[in-house]
Amino acid sequence: MQGYVDCHCHISSKDFDKDLEEVVESSKQAGLLAILAVAEHAGEFEKIIELSQRFPGFIFPCLGVHPVQEVSPEQQRGASLQCVCLLQDLDAALPLIEEYKDQLVAIGEVGLDFTPRFVRGETDKDVQRKVLIRQAQIAKALDLPLNVHSRSAGRPTIQLLREQGVEKALLHAFDGKPSVAMEGVKAGYFFSIPPSIIRSEQQKLVKQLPLENICLETDSPALGPEKQVRNEPRNVVVSAEFISRVKGVSLQTVMDVTTQNALRLFPKITSKLRP
């Protein structure tokens, strides 16, 4: 089956509410076979499930709790509120994951985010680790892969996944050193490349990663080829073209290999794809 897979996309974002049909159609015209819709918090779960039912065989649901939860600017001053929100959202998410488990193709977006503005010390990091461990356990119990966020936390994220015995994981928009990424490669993990790679310092990462460990993503509406311009799933082609140039292989090869990688990592997609 010919086409691309966007392995990490926030298609449930409000940015797409007004023209979702057009966005989906343009992505199909660009050659996409599937979009993996990832969640950041439990409040998105129902919408993502509805989208997967509205576009069956094209939008596939991934439910999980992101390591950073939104709080108001006033609340940000309180060091513990981020942790409280994260733990509360995990509590809200667990019964919904159980309810929709048969429809899910992955648990995500989960992970660690040690960006200084989001963590105030080891306590915050420990809460993030506990939430990730819990979701890793759920993924293992359901035999589902993890769709992973690891901003400013590449090495600790990979280390935790390995310690938890996670075998199936996608590290999205990885911002760590290539040498750290190779630790993930050794563990059998995959790395998805967003369109922002054309303006990113992470271009060296693509050079070193084996094509057999690369998937495509857009992280739409973020991480587009242009700053502050809404990203769309159709821009997954931008990622593919960049990889093609860097690796010195045809665009067709990038399409074939990255799609096979995605189907191997997310096998529940295969039987549901609609040609």
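In this predicted model, the axes of helix α3 (residues 81-100) and helix α4 (residues 122-142) come within 10 Å and cross at roughly 10 degrees. Angles under 35 degrees count as roughly parallel, and α3 and α4 are therefore described as roughly parallel to each other. On the side of α3, the contact is made by Cys83, Leu86, Leu87, Leu90, Leu94 and Ile97, while α4 contributes Thr123, Asp124, Val127, Gln128, Val131, Arg134, Gln135, Ile138 and Leu142.

A second pair of helices is formed by α5 (residues 154-163) and α6 (residues 178-186), which pack at an angle of about 15 degrees with their axes 9 Å apart. That angle makes α5 roughly parallel to α6, and the crossing in which α5 passes α6 is left-handed. Gly154, Arg155, Ile158 and Arg162 of α5 meet Val180, Ala181, Glu183 and Gly184 of α6 in this contact, and its residues divide into three nonpolar, two polar and three charged.

Helix α1 (residues 20-29) was examined for the placement of its buried residues, which are Leu20, Val23, Val24 and Ser27. These residues cover an arc of only 95 degrees around the axis, which puts them on the same side of α1. An α-helix has 3.6 residues a turn, so residues three or four places apart point the same way. The buried residues of α1 pack against β2 (32-38), α2 (45-54) and β3 (59-63), whereas Glu22 and Gln29, on the other side of α1, are exposed. Just after α1, Gly31 takes a positive phi of about 105 degrees.

Attention then turns to Lys168, which is found in the loop between α5 and β6 (169-172). Lys168 has a relative accessible area of 26% and is classed as partly exposed, because that class lies between the limits of under 20% for buried and over 50% for exposed residues. If its neighbours within four places in sequence are left aside, Lys168 is in contact with Asp143, Leu144, Pro145, Leu146 and Leu265.

How values were computed. Residues are numbered from 1 along each chain as its sequence is written. This is a predicted model: local features need pLDDT of at least 70, side-chain atom pairs count only at pLDDT 80 or more; totals for chains, interfaces and linings use all residues. Side-chain values use heavy atoms; hydrogens and water are left out. Axes are lines fitted to C-alpha atoms, for helices over the stretch in contact, and angles run from 0 to 180 degrees between N-to-C directions. Helices (H or I, at least four residues) and strands (E, at least two) are DSSP runs, numbered from the N terminus. Angles under 35 degrees count as roughly parallel, over 145 as roughly antiparallel, 65 to 115 as roughly perpendicular and the rest as oblique. A crossing is left-handed if the near helix is turned anticlockwise from the far one by less than a right angle, and right-handed if clockwise. Contact means heavy atoms within 4.5 Å. Ala, Val, Leu, Ile, Met, Phe, Trp, Tyr, Cys and Pro count as nonpolar, Asp, Glu, Lys and Arg as charged, and the others, Gly among them, as polar. Buried means under 20% relative accessible area, exposed over 50%, partly exposed in between (1.4 Å probe, protein chains only). The arc is that of the directions from the helix axis to the C-beta atoms.
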